[in-house]
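This report goes through one protein model, part by part. Look at the sequence and the structure first, then read on.

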Amino acid sequence: MPRAQLPLSLVEVALGTVLILGVALGFALGTPAPDRQGPQLDAYASDTAALLANDPPRHSGATRLQEIVSSPTAFDRERDALSNRVARILPDNVLFRVETPHGAVGTPTPQGVSTGTATVPTGHGSVQIIVWYA
């Protein structure tokens with residue numbers, strides 16, 4: 001019973017063609033660039049949180065963050081000072097939002113951008129700092 005066989009050279013040509021097309025498509029389509037913004041943004045947020053957590057209070061409390069979250073009245077009183085302090089800490093090309101139990105300061109966080117975050121627990125609630133590139 002005779003069987004039909006493909007010549008070995010034809011099989012080699014087919015495999016070689018598939019391999020070359022695969023490599024060519026890999027170069028043509030490329031790979032997505034890694035997200036290098038995330039770690040730097042997290043570092044900005046963490047550094048800002050550390051500075052705010054260790055800043056002395058302007059009126060009362062152990063730290064600036066504890067003073068801000070102690071009451072809604074304290075937050076309203078310190079809102080502008082907090083915004084100015086965070087703006088001085090961060091580079092000019094970084095926008096921010098600081099969210100507390102009594103309100104938030106800064107720019108609303110846009111959808112679809114890489115952000116960095118840091119959360120600082122205080123005796124009256126947590127403070128979350130969100131940063132992103134302008």
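Predicted model: local features only at pLDDT ≥ 70, side-chain atom pairs only at ≥ 80, totals over all residues.

Is R79 buried, partly exposed or exposed, going by its relative accessibility? At 30% relative accessibility, R79 counts as partly exposed.

## Salt bridges

Side chains of opposite charge can pair when their charged atoms come close. A search of the whole structure turns up five salt bridges. One of them joins R79 to D76, with the closest N and O atoms 3.5 Å apart. R79 and D76 both belong to helix α4 and are three residues apart, so about one helical turn separates them.

Another salt bridge is formed by the side chains of E67 and R77, at 3.2 Å from N to O. This pair links distant parts of the chain: E67 is in helix α3 (residues 64-69), R77 is in helix α4 (residues 72-89), and they are 10 residues apart. The side chain of R77 also meets that of E78 in a salt bridge, again with an N to O distance of 3.2 Å. Through shared partners, these salt bridges join E67, R77 and E78 into one network.

How accessible are the members of this network? E67 has a relative accessible area of 2%. The cut-off for buried is under 20%, so E67 counts as buried. E78 is buried too, with a relative accessible area of 2%. R77 has a relative accessible area of 41% and is partly exposed.

## Helix α1

Helix α1 covers residues 8-29, which makes 22 residues. Just after α1, G30 takes a positive phi of about 70 degrees.

L15 has a relative accessible area of 59%. Exposed means over 50%, so L15 counts as exposed. Together with L8 and V11, L15 makes a nonpolar surface patch of about 300 Å².

## The sheet

Four strands form an open sheet in the order β2-β1-β4-β3, and their pairing is antiparallel. Which strands stand at the edges? They are β2 (103-106) and β3 (116-122); each has a single partner strand, so one side of each is left without a neighbour in the sheet. On average, neighbouring strands of this sheet are turned by 15 degrees against each other, direction ignored.

## Strand β1 and its partners

Strand β1 (residues 94-100) pairs with strand β4 (residues 125-133) in the antiparallel sense, over six bridges. In this pairing, R97 stands opposite I130 in β4, and E99 stands opposite Q128 in β4.

Strand β1 also pairs with β2 in the antiparallel sense, over four bridges. Here T100 stands opposite G103 in β2. The strands β1 and β2 form a hairpin, with two residues between them. How many of the seven residues of β1 are buried? Five of them are, and β1 is mostly covered.

Key: Residues numbered from 1 in each chain as written. Heavy atoms only, no water. Expected span 1.5 Å × (residues − 1). Salt bridge = Lys/Arg side-chain N within 4 Å of Asp/Glu carboxyl O. Buried < 20%, exposed > 50% of the residue type's maximum accessible area, 1.4 Å probe, protein only. Patch = residues over 30% accessible without salt bridge, like charges linked within 9 Å, V, L, I, M, F, W, Y side chains within 5 Å. Areas by Shrake-Rupley, 256 points an atom, 1.4 Å probe, with all protein chains shown as cover. Pairing = 2+ DSSP bridges. Axes fitted to C-alpha atoms, helices over the stretch in contact; angles between N-to-C directions.
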